[in-house]
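Hi,

Here is the structure I said I'd pass on. Have a look first, and my notes follow below.

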Amino acid sequence: MAELYGKIVLPGEEIEKNNYTYKFQDKTISKKVLLVSQDEKRSKVIPLSEVYYPNVGDKIIGIVKEVEASGWFVDINSINYAFLPIAEAVKEFIDIYRTDLSKILDVDTVIHGRVINVMKNKIVQISIKDEKPNKLIGGGVIKVNPAKVARIIGKNMSMVKLISEKTNSKILVGKNGYIWINAKDADSLIKAINAIKFVERNAHLKGLTELVSNYLEKL
């Protein structure tokens, strides 16, 4: 049996203070199902189920859903759509009265960007103008639990590089749980998706890189 990456803590259990706890009487209680691992220096806490809450600086994959007069509303797998202003999509001046913005980014266009502002009213602004690539052509998008993204990326991008190389695919992972995959053929695409889903299911296990490598050899 594979060894757990850490200890499972259930909601209501006592735990050291972290971003997913609250104070009850003299105890610190967990709000979520957490995976807690400990090394000599510090403990690491990973929520096992979580919706995406945007933070400034997060790299995201988004899907354009609405074209407006001054920008685009984009699905980033969060509670509300994010807004992409014209100035954060292109560097040149755009005359909004003469330009059809759908010629720049149309509905269902997949983009690669980052969160630049999270307002108190939950409105989120994103930017794509400094990302390369920022408009993702071809391929497709799959959705994973945002809490598992760190394991899918791996330390120093090790996991996503392994899957990309073994499946001959281009892969971009958004912190919001959307992943863009562009593979050379259908078989490679299915292999890449299966490998990513394998990581998502087994994110709580130790030695995950070796497990994934063996899994890819079997596919």
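**The sheet and the cores**

Strands β12 and β14 (residues 178-183) pair in the antiparallel sense over four bridges; strands count as paired if DSSP finds at least two bridges between them. Helices (H or I, at least four residues) and strands (E, at least two) are DSSP runs, numbered from the N terminus. Before you read on: this is a predicted model, where local features need pLDDT of at least 70, side-chain atom pairs count only at pLDDT 80 or more, and totals for chains, interfaces and linings use all residues. Residues are numbered from 1 along each chain as its sequence is written, and side-chain values use heavy atoms, with hydrogens and water left out.

In β14, Ile 179 stands opposite Ile 142. The open sheet has three strands, ordered β12-β14-β13, with antiparallel pairing. Its edge strands, each pairing on one side only, are β12 (140-143) and β13 (169-173).

Now the cores, meaning sets of buried Ala, Val, Leu, Ile, Met, Phe, Trp, Tyr and Cys residues joined through side-chain atoms within 4.5 Å. Buried is under 20% relative accessible area, exposed over 50%, partly exposed in between (1.4 Å probe, protein chains only). The largest nonpolar core has 20 residues, and Ile 163, Ile 171, Ile 179, Ile 196 and Val 212 touch the most other members. Helix α3 gives the most to this core, with five residues. There's also a second, separate core of 19 residues, which includes Tyr 52, Trp 72, Leu 84 and Ile 126.

Cheers
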